[in-house]
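Student: Hi, I'm new to this one. Can you walk me through it?
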Amino acid sequence: MLDACAELVDEVGYEGLTTTLLAERAEVAIGSVYQFFPDKRAIVQALTLRTMESYLQRLDERFSSADLTHWWDGVDAAIDEYISMHRTVPGFRTLHFGDVVDLHLLDEQRDNNGVIADQLARVLTERFGLAGVPDLRFHLEVAVEAADSLIKLAFRRTTEGDERVLIEAKALIREYLHRQVDARTEAVQQG
């Protein structure tokens, strides 16, 4: 059902998605849909959670198999995976991490990009030892918001993502995080 949901979201958008359409596409009885999901929001929430788990798994694979020598390589990998998912994962270009449905789809207390920033902070801290960076989570949340907006712009411009916008997005995020992470870390070490 989640695969059918992803396909339909790409075709008709979130607003056009109905449980009836989903049942037809998944070739199940409408009662089967309601047996697992009370409404289309719950279906999309389950799809979004699956997508986030996939994103984090992709990052873990990149972090464990790639030759990442600097924390920026991890940020770069996170951006690359986000772009790749826009290009390859059904439903992702429309839903992203659920912001189309609800800014708190992933967590009632934090907005969706905040959840992603938390996960990114966890992974970067584990892999690159950034635990001592002042306000790391805050700076990652700002970076995630900026990257998310610019990547959405790139994919509104062309279906494969306007490469010029994607290059600028990476440069902007890299410069911002360099100023906030590297410069502050150096200042803490010197002071």
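Predicted model: local features only at pLDDT ≥ 70, side-chain atom pairs only at ≥ 80, totals over all residues.

Student: Okay. Which helices do the buried residues of α4 pack against?

Tutor: They pack against α1, α2, α3, α5, α6 and α7.

Student: And which residues of α4 are buried?

Tutor: A42, I43, V44, L47, T48, T51, M52, Y55, L56, L59 and F63 are buried in α4. Buried here means under 20% relative accessible area.

Student: How far apart are the ends of α4?

Tutor: The end C-alpha atoms are 37 Å apart. At 1.5 Å a residue, its 26 residues should span 38 Å, so the two values agree.

Student: Let's zoom out. How many helices and strands are in the chain?

Tutor: The chain has 9 helices and 0 strands. From the N terminus, the elements run α-α-α-α-α-α-α-α-α.

Student: How much of the chain is buried?

Tutor: Of its 191 residues, 44% count as buried. The chain exposes about 9,800 Å². Carbon and sulfur atoms supply 50% of that area.

Student: Now the inside. How many residues does the largest nonpolar core have?

Tutor: It has 41 residues. Y55 and L177 have the most contacts inside this core. At least two residues each come from α4, α5 (71-88), α7 (112-128), α8 (136-157) and α9 (163-190).

Student: Which helix gives the most?

Tutor: That is α5, with 9 residues in this core. As a general point, nonpolar side chains in soluble globular proteins tend to be buried together.

Student: You mentioned Y55. What does Y55 touch?

Tutor: Leaving out residues up to four places away in sequence, Y55 touches A78, E81, Y82, M85, F97 and I116. There is also a second, separate core of 17 residues. L8, V9, I43 and L47 are included in that one.

Student: Where does α1 bend?

Tutor: The bend is at D10, by about 90 degrees.

Student: Which residues of α1 are buried, and what do they pack against?

Tutor: The buried ones are L2, A4, C5, A6, L8, V9, G13 and Y14. They pack against α2 (19-26), α4 (40-65) and α6 (92-95).

Student: Let's take a residue in α2. Is L22 buried or exposed?

Tutor: L22, which is found in α2, is buried, with a relative accessible area of 0%. Not counting residues up to four places away in sequence, L22 touches M1, A4, C5, L8, V33 and I43.

Student: How far is L22 from V9?

Tutor: Their C-alpha atoms are separated by 9.7 Å. Along the chain, L22 and V9 are 13 residues apart.

Student: New topic: loops. What stands out about phi of E27?

Tutor: E27 has a positive phi of about 60 degrees, although E27 is not a glycine. Its place is the loop between α2 and α3 (30-36). E27 counts as exposed because its relative accessibility is 72%.

Student: Which other residue has a positive phi?

Tutor: D135, where phi is near 55 degrees. D135 lies in the loop between α7 and α8. At 49% relative accessibility, D135 counts as partly exposed.

Student: What about V133, buried or exposed?

Tutor: V133 is buried, with a relative accessible area of 8%. V133 is found in the loop between α7 and α8. V133 and Q180 are 47 residues apart in sequence, and 8.8 Å apart in space, C-alpha to C-alpha.

Terms used:
Residues numbered from 1 in each chain as written. Heavy atoms only, no water. Bend = angle between axes of the 7 residues up to and from the residue. Helix = DSSP H or I, 4+ residues; strand = E, 2+ residues; numbered from the N terminus. Buried < 20%, exposed > 50% of the residue type's maximum accessible area, 1.4 Å probe, protein only. Contact = heavy atoms within 4.5 Å. Areas by Shrake-Rupley, 256 points an atom, 1.4 Å probe, with all protein chains shown as cover. Core = buried A, V, L, I, M, F, W, Y, C linked by side-chain atoms within 4.5 Å. Expected span 1.5 Å × (residues − 1).
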